[in-house]
Amino acid sequence: MFYDEMDRFFYLPVGLWLIQILMILFPTLFYQSYFKRKFQSKSQRKLGLIFLYGVSILACMAFPVSINEGFMLDFRYIPLILGFLYGGYQVGLPLMGLTVLMRIFIGGPGLYLTILICIILLGLFRVTLQKYENYNSQQKRMYVLTLLWIALMMFGFGTQFLDDRALSGKEFSLWILFAVLNIITMLATRHIHESLLELDKMYFEATDYERMHLLSQFSISIAHKLQKPIEQSQEQLSALQQTELLGNQRALVSEVSEELEVAQDIINDYLVLAKDRKSKNTNLDVHQEIEGIIQSIQSYAHLHDVELKFFPAIDRNLFIKGDPYQFRHALLNLTKNGIEATNENGLVELAVHEMLDSIYIIIEDNGKGMSNEEVANIGSPIQSQKKKWNRIRYSCCL
């Protein structure tokens, strides 16, 4: 529509631009709230973006505001830029082609300016689009506004250059209003996009968490059911060891017993990590707990030819509040790992230090230590380097 009567400045242009804003926001909401959920294929989603943003571009160009013949003020560059950002070249290039074809159909001197702007935007996308995903929220916002501002400035200066190069006060006010509405519409549309994408992300994370929770409960149930047959097998093997066996038979029974013990330890570790029991916090005597652990594992240390040394704190009355089972289990595992990590004539030292309001328990062995790769894999399943077992183990730092 050609608009030449500036006395109705605040009526007709604003009304037409509100229609264009609606034609941009509605496809965005429709795509994010319905189309994206209904169609999971990437190709289908990109086709949906091309169709919906294409409709936006055609609607904007069908209801323009003209300040002089042949040059139209519309919001076509907003869906064009968003198409590149959220669909890449597979969406952006068809939208750019559609924009040029529509402008050829309309005709007028503004065609060449539209082609020039599209070429410059394509060059900017070629250089910067691949970096967009690495930007933070503020940088993404500035990136989008910069592209839009470049398109508007080129269109504004190009219009005045190709026309009479004269700009009246009312025309200047119209340009300012046009630029402000473009910026507001771009920010609002992008905010809707990002907010709905974040909601989608939260939805998938919640779904994944629920699935993992169900798997965790199922695994805990299996672990509990495995405990009883393992314990019964250990009892039967223990009774079998009391009978007269040949040398190779006794060694075989001992090896099977050790393997069952390893399996039992893995299940116990998993149940502790899964917290499949209510925490029972009581006051724990630190020195008494450590001395009890040393006493229970002393024979295991002798079996591996490892010496255990304990260095208590000066103040023997040190108490902490916690779950006694988890506390003993953690220290016992760390001490056991230290014993297994040393070679012959090994040494494992346990020390307690008090500093200000904190109590430090130090467990140190004289083994070769962990490589940088092993340290990086702490907390994940790794291949054990222990000489007695060659199986998947879980290492944890407590």
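1. Helices here are DSSP runs of H or I with at least four residues and strands are DSSP runs of E with at least two, both numbered from the N terminus. On that basis the protein chain has eleven helices and nine strands. This is a predicted model, in which local features need pLDDT of at least 70 and side-chain atom pairs count only at pLDDT 80 or more, while totals for chains, interfaces and linings use all residues. Residues are numbered from 1 along each chain as its sequence is written, and side-chain values use heavy atoms, with hydrogens and water left out.

2. Of the 398 residues in the protein chain, 37% are buried (under 20% relative accessible area; exposed is over 50% and partly exposed lies in between, with a 1.4 Å probe and protein chains only). The chain exposes about 24,000 Å², and 60% of this comes from carbon and sulfur atoms (Shrake-Rupley method, 1.4 Å probe; for residues, only the protein chains shown count as cover). Among contacts (heavy atoms within 4.5 Å) with a separation of 6 or more, 71% are between residues 24 or more positions apart.

3. The second largest pocket. A pocket is an open set of points on a 1 Å grid over the protein atoms alone, where a 1.4 Å probe fits, with protein on both sides within 12 Å along at least five of seven lines; its lining residues have an atom within 4 Å of a point. The second largest pocket holds about 380 Å³ of space, and of its 17 lining residues, Lys46, Leu49, Leu85, Tyr86 and Gly87 are the closest to the centre. The volume is the space filled by probe spheres set on the points, which are joined across faces, edges and corners.

4. Lining of that pocket. Helices H1 (12–38), H2 (42–62), H3 (77–87) and H7 (169–241) each give at least two residues to the lining. By class, the lining has eight nonpolar, four polar and five charged residues (nonpolar: Ala, Val, Leu, Ile, Met, Phe, Trp, Tyr, Cys and Pro; charged: Asp, Glu, Lys and Arg; polar: the others, Gly among them).

5. Histidine 193. This residue belongs to helix H7 and is buried, at a relative accessible area of 1%. Apart from neighbours within four places in sequence, histidine 193 contacts Thr28, Gln32, Tyr53 and Tyr86.

6. Two strands pair if DSSP finds at least two bridges between them. E4 (residues 306–311) and E6 (residues 346–355) are parallel, with six bridges, and glutamate 307 lies opposite leucine 347 of E6. E6 and E7 (residues 358–365) are antiparallel, with eight bridges; isoleucine 362 in E7 is the bridge partner of alanine 351. Two residues separate E6 from E7 in a hairpin, and leucine 356 in its turn has a positive phi of about 55 degrees.

7. Aspartate 305. In the loop between helix H9 (286–303) and E4, aspartate 305 has a positive phi of about 60 degrees without being a glycine. Most residues other than glycine have a negative phi. Aspartate 305 is partly exposed, at 39% relative accessibility.

8. Lysine 309. Strand E4 contains lysine 309, which is partly exposed with a relative accessible area of 33%. Beyond neighbours within four places in sequence, lysine 309 is in contact with Leu347, Val348, Glu349 and Leu350. Lysine 309 and isoleucine 363 are 54 residues apart in sequence, with 9.9 Å between their C-alpha atoms.

9. Aspartate 285. This residue of strand E3 (residues 282–285) is buried, at 17% relative accessibility. Not counting residues up to four places away in sequence, aspartate 285 touches Arg316, Leu318 and Phe319.
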